[in-house]
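This briefing covers strand pairing, helix packing and the annotated domain spans. Please look over the sequence and structure first.

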Amino acid sequence: MGSHTSPLAGKPATCAPLLDVPALLGAYADLRPDAAEPSQRVAFGTSGHRGVPFERNFNAWHVLAVCQAVCDYRRGAGIDGPLFLGIDTHALSRPAFEHALEVLAANGVHTMIAARDDFTPTPAVSHAILVFNRDRTSGLADGIVITPSHNPPDSGGIKYNPPNGGPADTDVTRVIQERANVLLADALAGVRRMPFAQARRASTTHQHDYRENYIADLPSVIDFDAIRAAALHLGVDPLGGAGVHYWARIAEAQRLDLTVVSGRVDPTFAFMSLDWDGKVRMDPSSSHAMQRLIGLRNDYDVAFACDTDHDRHGIVTRSAGLLPANHYLAVMIDYLFGHRPQWRADAGIGKTAVSTALIDRIAARLQRHLVEVPVGFKWFVAGLVDGSLGVGVEESAGASFVRRDGSAWTTDKDGIVPALLAAELTARLGQDPGERYRALTRELGEPFASRIDAPATAAQKKTLSNLSPAQVTRMQLAGEPVLHVLDRAPGNGAALGGIKVVAEHGWFAARPSGTEDIYKIYAESFRGPEHLESVLEEAQAMVDAALAAG
């Protein structure tokens, strides 16, 4: 990806040293963060707190402090319903789950853990919260998901979902983060905790069948009759993630011809191919990481994969191989608004500022309101809840959409339903998503896009996040007049956390990652690869100048 692609990209994970799991677990349990060191404090990014035990930014103390801070926040906010607790398949998720339950039980929080000690996809937690809270005004539920998403195997993560079911907004995460860091500074003096065995037996700990409840409700959002009628042969690769036990049950419940490519769970993720930087990363939108399923493209009418917590999707077709995330998101939006007659007539389209401008053209053709927001799925939550948005999409293969009747499905990203929708639209249109994308671009123009990911220090990330339009002095972008220089999103006026420069046939955006120590430059052109290269060169020059100026 970009100019920093490793020579190991796309090769088997076994070509590089695999994770030493015992050493990782030892570092998680034994190393203590220094609360005076900013890099070791709790820091909620776009999706919770994430880190690596060896770097002392995701250790047992972080989990204990965050969970106590969540309990304190719940009391202050008057949230007294059950808390839905889910985990993914990362090596750190199980011990973090144990520490979380120790704190939740000691605080008297009624906690819903997965039946059969199963893994729990992020969308299954969001779905459970929304279903429980439906028609309630008190005793509302919320949730915690222990996952670092698609990050490498040595990573850990924890995020909080309030009663709206979606990612917590900054007014919530700021309170939790500040309280957690006070607890770290006080050597956890304010943390209530009981032994895990006692917490597991506590009267406040309850089993919840996330899997069966989620799967039973899927027909409200996906047209399985159409998929069955078309007799499609489907394939799925769970990438060893939290939905690994969901797919066979979906196939059974809905009588689908669906092959699970692999049900293997391995904390080293040795079955993966290496991502763009030579690291193991379970990213279903990366052609480097998705080599296994791409190699099987001709075996299925359409195939798909999800990341480790199953909140992102990847679509593989015979016609196009792995579709770039933006390609499928455009196809998905176009299809949904033509095949969901019960949706509100004024339901809009939500997209992040770095998603393809092809979505803008689709929205204009459909005469649907476009809501462009900063990166972060939290910006779509209110619209998905009240139905004013039919769909919300992030360029990083994250999406959710409302049920067929227009009511909320999940308010956090859901990798499973966009994957299944690829089968539905193939069945209904007689074209796979790759073929449908080509048809769209013949009608609306073909975008060429690229993204550069590069390492960045905390100071460099702060510099990029504070870029302002006044610092962009160029009046042209790749030979075209600059139309807009944005540091706030057009859809809601919120800060982009970076900069976006727009011309008639191309744009770029530069921003720091909210989850990794990298910065990202996104660029797109409707005039071809050479024009795209010019856009990227000018974008990189601007970023380099900004970083050099400090």
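Strands β2 (residues 48-51) and β6 (residues 156-161) run antiparallel to each other and are joined by three bridges; strands count as paired if DSSP finds at least two bridges between them. The model is predicted, with pLDDT of at least 70 needed for local features and 80 or more for side-chain atom pairs, while totals for chains, interfaces and linings use all residues. Residues are numbered from 1 along each chain as its sequence is written, and side-chain values use heavy atoms, without hydrogens and water.

**Sheet**
- Arg50 has Gly157 of β6 as its bridge partner.
- Seven strands form an open sheet with mixed pairing, in the order β1-β2-β6-β5-β3-β4-β7.
- β1 (44-45) and β7 (205-208) are the edge strands, each pairing on one side only.
- Helices (H or I, at least four residues) and strands (E, at least two) are DSSP runs, numbered from the N terminus.

**Helix against sheet**
- Helix α2 (residues 60-77) packs on the sheet and touches β1, β2, β3 (83-87), β5 (142-146) and β6; contact means heavy atoms within 4.5 Å.
- The direction of α2 makes about 5 degrees with that of β6; axes are lines fitted to C-alpha atoms, for helices over the stretch in contact, and angles run from 0 to 180 degrees between N-to-C directions.

**Annotated spans**
- UniProt, in an unreviewed entry, places "domain: Alpha-D-phosphohexomutase alpha/beta/alpha" at residues 42-180, 213-317 and 325-441; its positions follow the numbering used here, feature names are shortened, and annotations may be inferred rather than shown by experiment.
- Residues 42-180 are 40% helix and 19% strand, with end C-alpha atoms 7 Å apart.
- Residues 325-441 are 43% helix and 16% strand, with end C-alpha atoms 15 Å apart.
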